[in-house]
Amino acid sequence: MVAVHHQTFSVSFKYDVVFTRNLFASGNNDFVNILPKTATPARMAFFIDSGVQDKWPDLAEKIVTWAKENKERVIMPERPMTVPGGEESKNNLMFVQRITHQLQRMQICRHSYCVAIGGGAMLDAVGLAAAVFHRGVRLIRIPTTVLSQDDSAIGVKNSVNLDGVKNLIGSFAPPYAVLNDSMFLTTLDDRDWYGGISEAFKVAIIKDAAFFDELERLADKLRDHNLDAMEVVVKRCAELHLDHIATAGDAFEMGSARPLDFGHWAAHKLESMTNFELRHGEAVAIGIALDVYIAARLGFITEAVRDRICSVMRRCGMKLWSPALEKRSGSGSYMVLNGIEEFRQHLGGKLTLTMPDGMGKKTEIHTLAPEIVADGIVWLGESRTLAATAR
């Protein structure tokens, strides 16, 4: 006789996303306020992105001073450690092993905290290390780029690249908390400032038409690195992402749909095709532009809406073209087309691509004709020339 016992249980997750300025300044209690009050101080291991350390050379000392001022709540076994930033941290699994080795050396346990300060790639890799160490220790993310503050750091995913495939190895592990300090954004170069805005356009186009109107209104300020404008964008973008994670019913992506990856099937492929010289936000901007062309061809949006979207993105400083789009395989087809099947494999099941359905709404398609993508690439090239002439 075969006996089958069907077991069902649920686990709820809760984490805070805090928006602040000058997180480690004397008198700023936003960090300690997220910690539970316990009889002993919380043990913390700090890791700082090398790119952040270069731009904020006194950051480690500020953290040491902050920890001393809050010694009743925090204990640091060692000074903050500097680790590689950018895709370097995601392109080698040995980096994850190095982080777990450091966590072991500092005697971090499941009631301790791993604190990662950096851009999205570094947070991804450190987050994966924290997720697998002791089967998961408490991760506090302090994102330092627009892209990580409004998108990647507030989500529940951690991953690294392998065999030239974006995010092939990873985990779903919600953070303990996310602390968004907007002052880190003041030292970003144009590429990281503008690239991060692409994720705001992504959610606005498929979720919130009023937010797109706000992006259009703020476009010139965003182009000019206005911090107040960027704080508005980061907060609203983050709220929309968090709402989707909490209410869409598929936080760990068990199904075949992934709305928050609108524009990403091409973006992921373009990143790997350029050996990650094209940054994620830059690739997403191009992927969005390509997908709004496709959406217009399929009748989901008008050409006027398509052109408006691309115009506002350019006004914000984003470039909607890369020479990688024109790369072809030995058979003569565009190489970026391989990203469609890679995207399907990454999620599994039936190919499901999210497209805008009017402004602020979405629909899904399950097939995509290569000739439409090819026409879109030609259109983007022609649009780039027209935009340059207009300037």
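This note goes through a predicted model in numbered points.

1. Basis of the model. Local features are reported only at pLDDT of at least 70 and side-chain atom pairs only at pLDDT 80 or more, while totals for chains, interfaces and linings use all residues. Residues are numbered from 1 along each chain as its sequence is written, and side-chain values use heavy atoms, with hydrogens and water left out.

2. The main core. The largest nonpolar core has 72 residues. A nonpolar core here is a set of buried Ala, Val, Leu, Ile, Met, Phe, Trp, Tyr and Cys residues joined through side-chain atoms within 4.5 Å. Buried means under 20% relative accessible area, exposed means over 50%, and partly exposed lies in between (1.4 Å probe, protein chains only). Helix 10 (residues 280-297) gives the largest share of this core, twelve residues. Helices are DSSP runs of H or I with at least four residues, strands are DSSP runs of E with at least two, and both are numbered from the N terminus. A second, separate core of 31 residues includes Met106, Met122, Leu123 and Val156.

3. Trp265. Which residues have the most contacts inside the largest core? They are Phe201 and Trp265. Among the residues that Trp265 touches are Leu290, Ile294, Phe343, Leu353 and Val373, where residues up to four places away in sequence are not counted. Contact means heavy atoms within 4.5 Å.

4. Leu353, one of the residues touched by Trp265, belongs to strand 10 (residues 353-356). In this strand Leu353 and Met355 point one way, Thr354 and Pro356 point the other way, and all are buried. Strand 10 runs antiparallel to strand 11 (residues 362-365), and four bridges join them. Two strands pair if DSSP finds at least two bridges between them. Leu353 stands opposite Ile365, and Thr354 stands opposite Glu364. The two strands form a hairpin with five residues between them, and Gly358 in the turn has a positive phi of about 75°.

5. Most residues other than glycine have a negative phi. Where does Asn22, with a positive phi near 55°, lie? Asn22 is in the loop between strand 1 (16-20) and strand 2 (42-49). His134 also has a positive phi, near 50°, and lies in the loop between helix 4 (120-132) and strand 6 (138-143). Asn22 counts as partly exposed because its relative accessibility is 40%. His134 counts as partly exposed at 41%.

6. Salt bridges between separate parts of the chain. How many salt bridges does the structure hold? There are 25. A salt bridge is a side-chain nitrogen of Lys or Arg within 4 Å of a carboxyl oxygen of Asp or Glu. Glu61 and Arg79 form one of them, with their closest N and O atoms 3.1 Å apart. Glu61 lies in helix 2 (residues 59-69) and Arg79 in the loop between strand 3 (74-75) and strand 4 (81-83), so the pair ties together parts that are 18 residues apart in sequence. Another salt bridge joins Arg297 and Asp375 at 2.8 Å, N to O. This pair links distant parts of the chain, with Arg297 in helix 10 and Asp375 in helix 13 (residues 370-390), 78 residues apart. Arg297 is partly exposed at 40%, and Asp375 is partly exposed at 34%.

7. A salt bridge within one helix. Arg236 and Glu239 meet in a salt bridge of 3.3 Å, N to O. They are separated by about one helical turn because they are three residues apart in helix 8 (residues 227-247). Both belong to a network of salt bridges that links Asp208, Lys235, Arg236 and Glu239.

8. Surface points. Phe9, Val11 and Phe13 form a nonpolar patch on the surface, with about 370 Å² of accessible area together. Such a patch is made of residues with over 30% relative accessible area and no salt bridge, with nonpolar side chains (Val, Leu, Ile, Met, Phe, Trp, Tyr) joined within 5 Å and like charges within 9 Å. Accessible areas come from the Shrake-Rupley method with a 1.4 Å probe, and for residues only the protein chains shown count as cover. Phe9 is found in the segment before strand 1 and is exposed, at 68%. Lys319, in the loop between helix 11 (303-315) and helix 12 (338-347), is exposed at 70%. Leaving aside neighbours within four places in sequence, Lys319 is in contact with Glu282, Ala285 and Ile286.
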